[in-house]
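Reader: I would like to learn how to read a model like this one, feature by feature. Could you walk me through it?

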Amino acid sequence: MMASIISLRGVSKYFGHFRALDDVTLDVMAGETLVVIGPSGSGKSTLIRCINRLETHDAGDIVVDGFTVGDTRQLATIRAETGMVFQNFNLFPHMSVLRNVALGPVRVRGLSWVEAEARARKLLVRVGLEAHVAKYPTQLSGGQQQRVGIARALAMEPKVLLFDEPTSALDPEMVGEVLDVMQGLARTGVTMVVVTHEMGFARRVADRILFMCEGRIVEQGPPTTLFDTPQDPRLRGFLQAVLSH
Amino acid sequence: MGEGSTGNASFETIALMSIFDTFLNWSVFVESLPALLRGLWITVGLGLTSIVLGLAGGLLLVMLRLYGGLPMSPLAIGYIDVFRSVPVLVLLIVIYYALPFVGIRLSPFWAATTALSLVSAAYSAEILRAGIEGVPKGQFEAARAIGLSSIRQMTDIVLPQAVKLVIPPLTSNSINVMKDTALASVVAMPDLLKQATQAQALAANPTPLIGAAVIYVILLLPFVRSVGLLENRLNRRAR
């Protein structure tokens, strides 16, 4: 029995009167690759943004690696232990690629710039960008920028990696290079929560898939079960819509 | 007709000569130049001190306004509004002539510096706010997501990008501060304008005033032009 590293109990989140998360209860096991799918507006992004408190939940409890999300004294620790990869990359445009990756370890983990840049270089080799360390984000393609985004998240050596639609802003020919890096990561044993519309990736890489609709977890299970024998009519409709084209 | 025309011409020549003698008198200018240059250094010193203090004050104000919460945020807004409404000259006279009644006696230099920086801080705060609000939300989120402290989010991520966005208006504001230093002459500050008016009185000739005006233009014109060039470049990049 693996331990749960992220635990949500009865979590709700409102935007005005709109209920983005509705009484969500979920455990993510250490080392698990969890893929979250669902129609837009179903609460997928809100779910992972509540985990590192980019959004504040209105009800329920979230615990990450034993730390309570919402306790301001533990916020810094939780953010350091959870890396996030954004849809729009959100690289720092005024810093070189190397600096983007090394900044967190220096400012948050207390490494020296020399140590942090050595770590950053290693990670940039791992995502295939060793030739671009001195460039600035705007000089890179979307796929390259997102791989820097992944290296930046990894540089903190987080226990949990959160991916918020990491390939949705990419040109189609660049999706593969980013998914390849993510697939490689899933094998290293880091816990990953991935919000994505890439069903092929979900099927190949996920240990478990979560289908969300209207702020609730409607159905979950291993990829084969979920894709081959979907139970809920909303999931069947969703799969039909995304797999038909 | 011909005689009249000759007479007019010589009259015009004489008039032109006297204009030169009156407004652009070289020997008066040379005589007053050392005083004007002494005034220039005081003007520059007063201007730079006020610009730096104004920027520091503006940064403090914008942080209080955006992140100070209650009661600091509304207080900062009140300060910014009041000091954008009060004329610098009025503020300067209040500081120099009214504060001594409550025992606060500032030298002309510090009275002028105080008035100029208090007002400049209010303008700087508004300019910096526009810059901070121009930084995409994703930048704040990425900074928070890697766990940077609030102060580090500002110093490492937000302010470098925000300041870059508002370099043209910040420069314009600094030019205004530099020009407003001339107001200090009313509290007997021996700045460029004061030196010029004194030299004018001494020589009974307005040439030093023209000289001072030219020196102000020479001092500030490069900055005025660079704001224009910078704005063009930023606009081109934005397109």
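Author: Gladly! Keep in mind that this is a predicted model.

Reader: Are B:E141 and A:R49 buried or exposed?

Author: B:E141 is buried, and A:R49 is buried too.

Reader: How many residue pairs are in polar contact between chain A and chain B?

Author: Five residue pairs are in polar contact there, counting those with both residues at pLDDT 80 or more. On the side of chain A that touches chain B, the elements giving two or more residues are β6 (82–85) and α3 (97–107) of chain A. Of these, α3(A) gives the most, with three residues.

Reader: And how should I read the extent of the interface?

Author: Look at contacts and buried area together. In contacts, 20 residues of chain A meet 16 residues of chain B. In area, chain A and chain B bury about 1,600 Å² between them, and 59% of it is on carbon and sulfur atoms.

Reader: How many salt bridges does the structure hold over all chains?

Author: Over all chains, the structure holds 22 salt bridges. One of them lies within chain A, between A:D228 and A:R203, with the closest N and O atoms 3.2 Å apart. This pair links distant parts of the chain, since A:D228 is in helix α8 (residues 223–228) of chain A and A:R203 is in helix α7 (residues 199–205) of chain A, 25 residues apart. A:D228 is partly exposed, its relative accessible area being 48%, and A:R203 is partly exposed at 41%.

Reader: Which residue does B:R84 form a salt bridge with?

Author: B:R84 pairs with B:E126, and their closest N and O atoms are 3.9 Å apart. B:R84 sits in helix α3 (residues 69–85) of chain B and B:E126 in helix α5 (residues 108–134) of chain B, so the pair ties together parts 42 residues apart in sequence. B:R84 is partly exposed, with a relative accessible area of 36%, whereas B:E126 is buried at 16%. Salt bridges that share partners join B:R65, B:R84, B:E126, B:R129 and B:E133 into one network.

Reader: Let us turn to the strands. How do I read a sheet?

Author: As a general idea, side chains in a regular strand alternate between the two faces of the sheet. In chain A, four strands form an open sheet in the order β2-β1-β4-β5, with antiparallel pairing. The edges are β2 (18–29) and β5 (67–68) of chain A; each has a single partner strand, so one side of each is left without a neighbour in the sheet.

Reader: What packs on the sheet?

Author: Helix α1 (residues 44–51) of chain A does, touching β1 (4–15), β2 and β4 of chain A. The direction of this helix makes about 60° with that of β2(A).

Reader: How many bridges pair β1(A) and β2(A)?

Author: Eight bridges pair them, in the antiparallel sense. For example, A:S7 has A:D27 in β2(A) as its bridge partner. The two strands β1(A) and β2(A) form a hairpin with two residues between them, and A:G16 in the turn has a positive phi of about 65°. Elsewhere in the sheet, two bridges join β4 (residues 59–64) of chain A to β5(A), again antiparallel. There, A:V63 has A:T68 in β5(A) as its bridge partner.

How values were computed
Residues numbered from 1 in each chain as written. Chains lettered and ligands numbered in written order. Predicted model: local features only at pLDDT ≥ 70, side-chain atom pairs only at ≥ 80, totals over all residues. Heavy atoms only, no water. Pairing = 2+ DSSP bridges. Contact = heavy atoms within 4.5 Å. Axes fitted to C-alpha atoms, helices over the stretch in contact; angles between N-to-C directions. Buried area = accessible area lost by both parts, 1.4 Å probe. Polar contact = N/O pair within 3.5 Å; in protein donor to acceptor, adjacent residues only side chain to side chain. Salt bridge = Lys/Arg side-chain N within 4 Å of Asp/Glu carboxyl O. Buried < 20%, exposed > 50% of the residue type's maximum accessible area, 1.4 Å probe, protein only.
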